[in-house]
Amino acid sequence: MESRRQEICAHNSSNQGEARKSTEETDKAHITISEFLNFLKTAYQVQDSVEGVLLEGGMSEAVNWLKSKEIESTIKGRSMSVQTSDTLLRKGSADDNKKELAKKRESNGTLVDDSDILKQKLNEVLSEGLLDSVLPYLVQSTNSLKKNSLCSVKTIEKNSHTSTLTVSNERLARRKSSGDASTACKVFDTKIGSEVEIHVCDEIKNTKKTFTCNQKLLVEKMGYFAEVTLGQKLEDMDISVHCDIGIFEWLMQWVKKDSLLEADWPHLDSQCVIPILVSAAFLQMEPLLQDCLLFCHQHMNEILRTASNLSCLNDSVLTRLAAMYTNSEVELIKDRKDKIQSKLFSKLIQSLAEPEPESVRGHWCSLARIFRCDKCQQLITPNVAARIPCIPPCMRLQPDGSIISLHTRDPNWLINEYIIKLHKTLKTWRKVYWRLWGDVHFLYCGICKKYFPTNQIGWCRYHPDTPQFFTLDAQKAPLPIGRYPCCGERAYRFQLLENYSACQFRQHAVSVEDVRQSAIFSMLETYRHLIEEEPPELLFPERLTRLVARGPSRNNFLKCVQDIVNISNSLLDGWQLNVKTDVENGTYITKKKPKFLCESKISAIFEYHIAYSISYSVPVLCFNAWKTDGSMLTMEEYWANNKHFKNLNMFDTLTQMDHPVLCKPFLTLHPCRTSEIIEPILETSRNAVVTWLSVVGRFIDFEIDPDYFRYVK
């Protein structure tokens, strides 16, 4: 009995020891599902991070080597990834697997290592179908990146009318229990080859074609795939492209051109450059995009002659293309259907509004600083504001005697509203651009001594006639106040501030001060027909215009002087016909005649001019005289040698005025009384100029040949 009791105790103690040992081994050999899933998440993140770091560092060969080693070890060791639920079912249920594993451990007497534990847990997860449902949550950041990438594809797809790229990806690692080892081996072979299939669908031609390309080469040449597949693998994605098959084949040749002979490289032409440009911009192929932009810049007229659709170019591409053009180059584009020229001019307006002017593109001043004066309503830039006249209360006299203007910025004037208003008026962005260019560039006039915007090159105001100053007594000097006979505006003999309001316009005499102004003036002369703005019509009260005398019409005057020249040629009298084409009344006749002045006993050569005054509508007799020493005879010297002016008001009869055509000072018989002489003979004389000349010539000792009177009734 004693021995039997001892056997039972020993047996119980041994059972208790084995139970404790089994419990310890079980506690040591098993982990929970939660701990296992956390381990998978950490391992996945570490693997992606290490692989990303190696790729960014240019160690792609190291990544490929690690992948190949992983594949070899997995195939040799019968990795868990090729085991499916069917294989596990053939082995039995999960409880039977645990028992067999425990028996094997007891028989071999070895400790269970960590790798067997992980494999066991992964088998349990695969057999119960848990991995597919929890894996997206383990790698949530990667999935969100995929969604963002796909959204961006759809957005660009709407904006691109030439090619559409749709990417759909499915994880090849997601496998149900029906998979087998051969499928996994096929995936591994694809990874080693690094070849990606791209399915191209041409919906217009209703054709499809599949292209293959090396994964590394595709990511390097097409930045879009490098961005959309960040944290993913291209072989895990199904890539389909909707575009013209010929265009995509051209792109594939360009991607692989480093492995081709230079003679086999694809070349751009005017037919295909626009769709290739759109595709290169979408796929982020920067070198190809730059080549396409340069080709478009150099061959835009050839592209416009094709049926290419330029409306598919987005704003980013247009901005880069417009940055290559100067305003002169855009003007040379022959775009009758206005496919792109207006868009380029609108981009030039944006460039003109940059704070720093781009002189390379024909902009020497910036539209960003222009403002409108609240007082004089002129558009002005700060660099010339002080030298542009404002209203008299806003002008200041400086210590050095110069006068500057203090313009006040109008707070209600906005440049955007001004541009919109211009576009409604001028209708095209081309005209709007050149108007703005003229508003912002200023030049200096040597006649009126002020700066002016270049679009007002023909706005130099002047009076064609010198002012007449009033007199109270013929024996006294005239008063310091008078009027301009051309328009009746008041004139002052002594005036501190220059009066820039006049009755007529003429061209500014540009004075170039530096290289910058020379370039502005050259641009103005080239595109004057686009930049110049017509001057406004000046209106004067009726009571003032009645001061203008009535005389022969301009056409009648031209006929009369032509007859005088014809008679002079037959008489060898010396009258010559002169025509200045850039002036409306540019026809006049001249004659030179030597004379001896008895009073001063000097010889002089007189040059007589007969021209037509538009202001008075009458002919005007002008002359100048030069002494033998080359000096000009003054008006006072001529008065002293002319007996006809002894008892007359010399200022009312003979004065110094600008020539009606040449705009140079000449001694002139004042035309204010000419109409009184010429009006009665207009209907009776065959040549009113000859009749008038025979009457007024005696005042300046001008003798007319009697043969001229044969033509006068």
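A crossing is left-handed if the near helix is turned anticlockwise from the far one by less than a right angle, and right-handed if clockwise. Helix α18 passes α20 in a left-handed crossing. Helices here are DSSP runs of H or I, at least four residues, and strands are runs of E, at least two, numbered from the N terminus.

Some ground rules. This is a predicted model, where local features need pLDDT of at least 70, side-chain atom pairs count only at pLDDT 80 or more, and totals for chains, interfaces and linings use all residues. Residues are numbered from 1 along each chain, and side-chain values use heavy atoms, without hydrogens or water.

Back to the helices. The axes of α18 (residues 341–352) and α20 (residues 429–440) come within 8 Å and cross at roughly 20°. Axes are lines fitted to C-alpha atoms over the stretch in contact, with angles from 0 to 180 degrees between N-to-C directions. That makes the two helices roughly parallel, a label for angles under 35 degrees.

Contact means heavy atoms within 4.5 Å. On the α18 side, the contact residues include F345, I349 and L352. On the α20 side, W429, W434 and W437 are among them.

α18 also holds K347. The side chains of K347 and D315 meet in a salt bridge, 2.5 Å from N to O. The rule is a Lys or Arg side-chain nitrogen within 4 Å of an Asp or Glu carboxyl oxygen. D315 sits in helix α16 (residues 315–322), 32 residues apart from K347. The count of salt bridges comes to 14.

Last, the sheet. Three strands form an open sheet, order β12-β13-β14, with antiparallel pairing. Pairing takes at least two DSSP bridges. Q468 has R483 in β13 as its bridge partner.

Conventions:
Angles under 35 degrees count as roughly parallel, over 145 as roughly antiparallel, 65 to 115 as roughly perpendicular and the rest as oblique.
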